[in-house]
Structure formats: C-alpha cells, structure tokens
Amino acid sequence: MKIIDTHVHVFPDALEPRAIEALTVPGRGAQIPGTLDAARTRMQQVGVSCSWTIPVATRASQVATINEYALSQDRHYFLPFGAIHPDVEDAYKLLSTYKELGFPGFKMHFDYQDVSPLDPRMQPIYDAAMDFGLICYFHAGDDVQPHTCHGSPEVFTTVLDSYPGIKMVLAHLGGWRMWDEVEERLIGRDVYFDTAYCRGEMPTDQLLRIMLSHGMDKILFGTDSPWTDLAQEIAFFMARDELSGADIEALFHGNAEDLLHQAL
C-alpha cells in the first residue's frame with residue numbers, strides 16, 4: 001500500500017550531528033541519522049513512497065538557507081515545505097513565491113520561534129496562506145523542550161475562527177500532551193491532525209478516540225522521524241482493529257493526497 005509520511009525532519013550532512021545533539025533529550029533519541037540519505041534508505045526498507053520534510057527556522061536569518069536546502073531535495077522521495085519566521089522582511093511577499101518554488105506550504109514551531117499564533121506579526125503569514133492556498137503545518141501543544149506551549153488547542157481555535165477555510169495541519173494529534181483539551185476544543189473543526197510522536201506517549205484508546213471522533217478524513221500519518229521508527233509506526237496503525245480498510249487507506253496516503261490537491 002502507498003504510504004506518505006507527512007512529518008519528517010532532515011538536516012544537511014554538515015549540520016546533522018549538532019542538530020541531533022541539540023534536540024536529543026532523555027527519553028527521546030534519534031532512531032536513524034537525521035540525513036536525507038538515512039531517511040531515503042529507511043523509506044525504501046519499509047515501503048514509504050514519499051516523505052514531507054518540514055523545517056523550522058529559529059531565526060529569520062535562517063529562512064533563506066533552509067529553503068535553499070529544501071529545494072535541493074530529491075522530489076522523487078521528498079516533498080519539502082518551506083521555512084518561515086515572523087521576523088522576516090515582508091513575509092507576505094516571500095510566501096507569495098512558495099508555490100512557484102514547489103513548496104505546498106510552510107512549517108512553524110511557535111515554541112522554538114518564541115511567538116504566539118495570535119501575535120500580530122502572524123497576520124501577513126495567515127493572509128498569505130489564505131490568498132495563495134498554502135498549507136500551514138504547525139507544531140501544536142507542549143514539547144519535550146522547551147515547555148513554553150505557545151500553541152495550545154484554545155489558541156488554535158481562535159486562529160481557525162479568525163481565518164475560516166485556512167489549510168492547517170496541527171501536529172501531534174492537535175496538541176502534544178494536551179489531548180484532553182484537543183477533545184474539548186478541536187474535535188470536528190476544519191483542521192487536519194497528524195499522528196507524529198503520539199504512539200506510546202498517550203493512551204491508545206484516547207489516540208483512537210481522537211482520530212475517529214475528529215474524522216478519519218482529517219488525519220495524516222506522520223512519524224516525527226528521525227525520533228521514531230518508521231516500521232514501528234506503520235505496524236502500530238496496521239494492527240488497529242478499530243480502523244477499517246478505508247480508514248487505513250485514508251490515513252496512509254488518501255488524506256495527504258487530498259490536502260495536496262487542495263493546495264496545488
């Protein structure tokens with residue numbers, strides 16, 4: 001079966017050792033090297049046809065370099081998203097070029113970028129997403145570090161109310177380690193969730209309840225590689241009797257393809 005992993009991190013070879021070291025914390029270590037070659041090899045081993053690579057620029061000065069690296073990735077295996085930072089000069093104008101470059105959207109991690117999704121600096125970014133049909137791929141909820149949680153389910157509810165129809169993916173089933181609030185505030189909203197780094201981090205019954213209650217047409221298979229193992233993530237969902245064959249098809253590729261069709 002076709003499998004698309006919508007949540008993958010890769011780093012340039014020269015930067016990879018420092019990046020992995022900086023992002024490793026007790027209880028979370030890389031399962032494979034964080035390089036393109038390692039990601040491609042693992043994809044081929046387990047039958048993943050495409051990985052969406054989603055970068056984060058922690059400073060505005062990094063955006064151009066990160067995007068250059070993204071553009072160098074082999075499109076046979078990888079679909080890169082662009083980086084954006086709220087402090088870049090004329091974010092709206094920059095984002096207006098992303099479709100032409102081949103980026104279907106952009107990734108932001110509000111904790112690493114130290115900005116709230118409700119910060120006024122985000123307005124041109126949301127406006128560009130709406131005007132150009134870009135996918136907003138956002139870290140949501142807490143993180144292993146830092147524990148600042150700018151992007152709570154409550155905050156994203158406000159964003160969704162302010163920008164109806166925006167194409168948004170909230171990673172980690174809508175809010176890592178804030179899943180009770182996800183169930184209270186986000187279930188059924190017009191927003192996608194991915195499954196990245198949720199297996200083993202939350203009760204399986206709650207994981208499945210969120211997926212099925214939100215709607216299997218709005219759930220993307222994401223791993224947060226290299227921090228999880230592709231084979232184990234695939235096997236976990238394949239083994240869930242609660243998911244029908246149609247659910248599995250939607251999870252592993254159908255929903256990602258539909259979202260891309262909407263964007264491109």
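In the predicted model, the charged end of Arg 40 sits over the ring of Tyr 77, at 5.7 Å from its centre, where the criterion requires NZ of Lys or CZ of Arg to be within 6 Å of the ring centre and within 35 degrees of the ring normal. A further contact of this kind involves Lys 218, whose charged end sits over the ring of Tyr 192, 5.3 Å from its centre. Because the model is predicted, local features need pLDDT of at least 70 and side-chain atom pairs count only at pLDDT 80 or more, whereas totals for chains, interfaces and linings use all residues. Residues are numbered from 1 along each chain as its sequence is written, and side-chain values use heavy atoms, with hydrogens and water left out.

Aromatic contacts were assigned between rings of Phe, Tyr and Trp (its six-membered ring) with centres within 6.5 Å, planes under 30 degrees apart counting as stacked, over 60 as edge-to-face and the rest as tilted. The structure holds 16 aromatic pairs. The pair formed by Tyr 98 and Phe 103 is edge-to-face, with 5.3 Å centre to centre and 80° between the planes. Tyr 98 is buried, at a relative accessible area of 0%, and Phe 103 likewise counts as buried at 0%; here buried means under 20% relative accessible area and exposed over 50%, with partly exposed in between (1.4 Å probe, protein chains only). The rings of Phe 138 and Phe 156, by contrast, have planes at 15° and centres 5.9 Å apart, so this pair is stacked. Since Phe 138 belongs to strand β6 (residues 135–138) and Phe 156 to helix α8 (residues 153–162), the pair ties together parts that are 18 residues apart in sequence; helices (H or I, at least four residues) and strands (E, at least two) are DSSP runs numbered from the N terminus. Both Phe 138 and Phe 156 are buried, and they form one aromatic cluster together with Phe 106, Phe 110, Tyr 126 and Tyr 163.

Grid points are joined across faces, edges and corners, and a volume is the space filled by probe spheres set on the points. The largest pocket holds about 810 Å³ of space. Its lining comprises 38 residues, of which Phe 11, Ala 19, Leu 23, Pro 55 and Val 56 are the closest to the centre. Two or more lining residues come from each of β1 (4–8), α1 (16–23) and α3 (63–71). By class, the lining of the largest pocket has 21 nonpolar, eleven polar and six charged residues, where Ala, Val, Leu, Ile, Met, Phe, Trp, Tyr, Cys and Pro count as nonpolar, Asp, Glu, Lys and Arg as charged, and the others, Gly among them, as polar.

The second largest pocket has a volume of about 150 Å³. Of the 14 residues that line the second largest pocket, Tyr 197, Arg 199, Trp 227, Thr 228 and Glu 233 are the closest to its centre, and the lining divides into three nonpolar, six polar and five charged residues. One cavity of 30 Å³ or more was counted, and the largest cavity has a volume of about 30 Å³. The residues that line the largest cavity are Asp 5, Val 8, Ile 32, Ala 39, Arg 42, Met 43, Ser 51, Ser 225 and Leu 230. To this lining β1 and α2 (36–46) each supply at least two residues, with α2 giving the most, three residues.

The model contains zero disulfides, a disulfide being a pair of cysteine sulfur atoms within 2.5 Å. For Cys 136, the nearest cysteine sulfur is that of Cys 149, 18 Å away, and Cys 136 counts as buried at 0% relative accessibility. Cys 149 is partly exposed, with a relative accessible area of 22%, and its sulfur lies 14 Å from the closest cysteine sulfur, in Cys 198, too far for a bond.

In the backbone, the peptide bond from Ser 225 to Pro 226 is cis, with omega near 15°, and Pro 226 is placed in the loop between β9 (219–220) and α11 (230–238). His 172, although not a glycine, has a positive phi of about 65°, and Arg 177, also not a glycine, has a positive phi of about 60°. His 172 lies in the loop between β7 (168–170) and α9 (179–185), and Arg 177 is found in the loop between β7 and α9.

How values were computed:
1 Å grid on protein atoms, 1.4 Å probe; cavity = no way out; pocket = protein on both sides within 12 Å on 5 of 7 lines; lining within 4 Å.
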